[in-house]
Amino acid sequence: MTRRAFFVIGMHRSGTSAVAAALRLGRSQPGAAIAALPQDGAEAGFDPAAAVMRLNVRLLQMAGGRWDRIPLWLRWDDFSPVDFGAWCAETFAEVAGRVWDEAFAGTEDDVVCSDPRLALTLPMWSHVASSRGFSPRVLLVHRAPGPIMASLSRHHGLSYPQSADLLADYWAQMLCRAPEEARVIGWERFCADPVATMEGLGLPPGSPDALRRFVRPLPQAASLGVIPPPFMPKFLRDCDALLSSAHGAAVPQEATSLAGPCLQQRGDQKQLTGRTYLLAKPGNVATFNVITRRQRTVVLHCHIFKNAGSSVDALLKRNFGKRWTETEFPGRGGFSNADLTNSFIRTFDQYDAVSTHTGDWWLGHDDAALSVRPIVFLRHPILRIRSAYAFERKQEADTLGAKLAKQHDFSDYVKARLDIPGDLAFRDFQARRFAAFDDRNYTDVRSAAFRALERLPFVGLVDDFAGAAKRMEIYLKQDFPSFEAFDVRANATDASNASLSDKLERTLAELSDDVRERVLMENAVDLALYEAAGHKYPAS
């Protein structure tokens, strides 16, 4: 006989956990004793499939979301919308399979999984269940919007607009993903007669009396506020009317047809308000800790090319050892890829320190689960360009920059780079990297970069590396008490003891008049940012 995998889906505070517990009461799946049902549909009973929920939580967190914040997911390569459930299935199917096997090892009975986040990840779990020989069964738990919003306000402090916004997200997602054979369970009617509900679904309870004792009738909702119909979004009003009359039946086609346009409309709203999140191209992730450390703190070194980054990496590697790694991310014409960096850090939680030349960071990605300690160094932009030229002249690489450096003197090399459309390496490059710290979608480089300079907890200056290293030690010891700075100078292209002014005078003299004027103009924001940083962090 084919075992069934019941997926119980619904909005938070809708009673999904209680419905799942009732299903287990009639199945032979192991679980702890079940207490009486809370009156507002809160969590009830012990869920032996909690590992499924934990992975859902991790996936949502890794992709820039939370249970109460669902972004519009977009592909990094072309900014087109992403089906998050399908993306999870392509990326984490192997991990989900291991979680499933561990959660349900040793049982030969039906299994029950309940989690509102299944509205987002159902394609992945349905595939996993089917591949293990289970027959997926989907049950959608419906509860009237008013009581849901009241419970969200009572337990989570959500306002009416926040609750309505979130409810529209979950209902649209679950309706779009519901298979044809999915059935609706009305929460109020389930509470009124749980035995008849189970029997109507062809799932007779093993102990009707025990189920009746478990599920108590709902009291009169005298404490509910009144929401005039015009203030309730039409999508919620229409779906509520359709789902309320579908108790025990298939999901009404009319409700499903409303979900697609709603998701499109929701996506447009999120793009306007910046509630988007970029996902990398899907690819199998085999190593993934489902239970991550709480309140992780991670050092992120945003290694700006030729800004003493190799020396900083040497410090981090010495202090963190195997808990340090370096990685790179794809770029798109200066657009911030901070979301990709965030996903990497949250996915690979074995690392306490990460270095990257190409990864941006947005200070708004920090939350209760993750605190990032960014490290970034600034350098006089003209001296940085000169250092890049010296490095690329000697490096054995087939890159365009290395070819140009070997073919030209410094002045012609700079001109050739500035002549390349879209080449931002010598156009306020440092300011652009700084701007990404302040805003994922900045419009003015200067204002965003200067705001980042004020907000960043640490900025080092290459010209005062020893002093910056000492500041870095104080900065990181708050979270990593054993961190120590030491004297290091790695991959330096100018080991002379000449003063900053002498180096700058010598470098500018190598440029022709027109190239000098042009490069100074193209790096006006970098120059101003460097000057401001020097005032904020005077040399020790």
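**Close-up views of aromatic and charged side chains**

**Figure 1. Overview of the chain.** The chain contains 22 helices and 12 strands (DSSP runs numbered from the N terminus, with helices being H or I of at least four residues and strands E of at least two). This is a predicted model, in which local features need pLDDT of at least 70 and side-chain atom pairs count only at pLDDT 80 or more, while totals for chains, interfaces and linings use all residues. Residues are numbered from 1 along each chain as its sequence is written, and side-chain values use heavy atoms, with hydrogens and water left out. Along the principal axes, the C-alpha atoms fill a box of roughly 90 × 50 × 40 Å. Of the 540 residues, 53% are buried (buried means under 20% relative accessible area, exposed over 50%, and partly exposed in between, with a 1.4 Å probe and protein chains only).

**Figure 2. The aromatic pair of F79 and F335.** The count of aromatic pairs comes to 23 (rings of Phe, Tyr and Trp, the last by its six-membered ring, with centres within 6.5 Å; planes under 30 degrees apart are stacked, over 60 edge-to-face, and the rest tilted). F79 and F335 form a tilted pair, 5.2 Å centre to centre with 50° between the planes. F79 lies in the loop between strand 2 (72-75) and helix 3 (84-103), and F335 in the loop between strand 8 (324-326) and helix 13 (338-347), so the pair ties together parts that are 256 residues apart in sequence. F79 is partly exposed at 32% relative accessibility, and F335 is partly exposed at 31%.

**Figure 3. The aromatic pair of F329 and F344.** The ring centres of F329 and F344 are 5.9 Å apart and the planes stand at 85°, so this pair is edge-to-face. F329 belongs to the loop between strand 8 and helix 13 and F344 to helix 13; the pair links distant parts of the chain, 15 residues apart. F329 counts as buried because its relative accessibility is 12%. F344, at 15%, likewise counts as buried.

**Figure 4. An aromatic cluster.** One aromatic cluster is formed by F7, W100, F104, W125 and F134.

**Figure 5. Arginine charges over phenylalanine rings.** The charged end of R332 sits over the ring of F79, 4.3 Å from the ring centre (for a charge over a ring, NZ of Lys or CZ of Arg is within 6 Å of the ring centre and within 35 degrees of the ring normal). The charged end of R318 sits over the ring of F486, 4.0 Å from its centre.
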